[in-house]
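Colleague: I am new to this structure. Can you walk me through how to read a few features?

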Amino acid sequence: MLDAALGDDQRWSTWSAVEKGQRGPEPRPGWVVTADAAVDTELGVLKTGKEADVFLVERAVPGDPAQRVLLAAKRYRDVDHRAFRRDTLYTEDRRTRRTRDRRALDRKSSYGRQVAAGQWAAAEFAALVELWSAGVPVPYPVQIDGTEILMEFVGSGGDDTPVAAPRLARARPDAELLASWWDQVRDAMAVMARLGYAHGDLSPYNVLADDDRLVIIDLPQVVDLVANPFGTELLLRDCRTMASWFAARGLDADADELFAALLAHAW
């Protein structure tokens with residue numbers, strides 16, 4: 001009967017429905033709404049992508065303006081409905097423990113496709129948890145539920161017209177801001193390298209420009225620099241892609257110098 005009061009674009013908050021390990025790390029930001037009385041309302045599509053779509057969701061307790069937050073809900077598609085075709089490049093160091101899951105993945109059955117989608121979601125959530133805890137500028141991961149990740153919405157959260165932060169690729173910074181952003185990129189990549197990781201697909205399209213702050217997104221393919229045989233190759237590609245964007249806008253950004261510095265952090 002309670003569900004009858006919800007609209008087609010609403011559901012009760014799933015915060016209490018997921019297990020402890022499927023919620024974001026502590027210390028938890030004060031804006032996270034954890035009340036069982038909260039309702040999730042889907043407000044529209046933020047982005048359609050190769051392997052997942054991202055939706056804008058409001059989680060709020062009705063009648064309590066202090067308990068309201070905008071979230072980004074990233075929902076992974078199964079492999080039949082996404083365009084990510086280089087899985088093995090990024091999953092060389094990943095293993096599935098359950099025999100049933102391994103067989104299903106090998107057979108590419110319907111269940112296997114769901115397992116694959118869940119693996120990508122779980123990999124991104126785990127990466128967000130570790131990187132956010134280490135101070136890397138990534139969205140705070142609120143929770144994961146199957147193939148859906150709820151995370152911090154990066155942008156302005158006005159009551160009537162929430163606006164997502166633009167991709168770095170669309171930004172037109174002045175010289176001072178450009179230099180600051182380059183420092184932020186280098187620092188973020190350095191922390192990841194010290195943890196033993198490369199983004200694997202870092203580009204101006206996977207970085208948000210939230211005023212003077214950069215936020216790195218889209219981390220399902222994060223790779224282990226040691227365990228993945230393509231790790232250093234992907235790190236070098238990340239360096240070249242980012243340095244090229246900054247150099248094209250007049251900054252002295254050297255990809256090889258950045259790559260050497262990151263390798264020093266990693267080893």
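Modeller: We take a helix pair, an arginine and a pocket in turn. This is a predicted model: local features need pLDDT of at least 70, side-chain atom pairs count only at pLDDT 80 or more, and totals for chains, interfaces and linings use all residues. Residues are numbered from 1 along each chain as its sequence is written, and side-chain values use heavy atoms, without hydrogens and water.

Colleague: At what angle do the axes of α4 and α6 cross?

Modeller: Axes are lines fitted to C-alpha atoms, for helices over the stretch in contact, with angles from 0 to 180 degrees between N-to-C directions. Helices (H or I, at least four residues) and strands (E, at least two) are DSSP runs, numbered from the N terminus. Here α4 (residues 175–195) and α6 (residues 255–266) cross at roughly 35°, their axes coming within 7 Å.

Colleague: Which residues of α4 and α6 make the contact?

Modeller: Contact means heavy atoms within 4.5 Å. From α4 come W182, R186, M189, A190, A193 and R194; from α6, L258, L262, H265 and A266.

Colleague: Where is R77, and which side chain does a polar contact join to R77?

Modeller: A polar contact is a pair of N or O atoms within 3.5 Å; within protein, one must be able to donate a hydrogen and the other to accept it, and residues adjacent in sequence count only if both atoms are side-chain atoms. R77 sits in the loop between β4 (64–76) and α1 (87–91). Its side chain meets that of D53 in a polar contact of 2.5 Å. A polar atom of the R77 side chain also lies 3.2 Å from the backbone oxygen of K50.

Colleague: How many residues line the second largest pocket?

Modeller: On a 1 Å grid over the protein atoms alone, a pocket is an open set of points where a 1.4 Å probe fits, with protein on both sides within 12 Å along at least five of seven lines; lining residues have an atom within 4 Å of a point. This pocket has 19, with L46, V54, R167, L208 and I217 nearest its centre.
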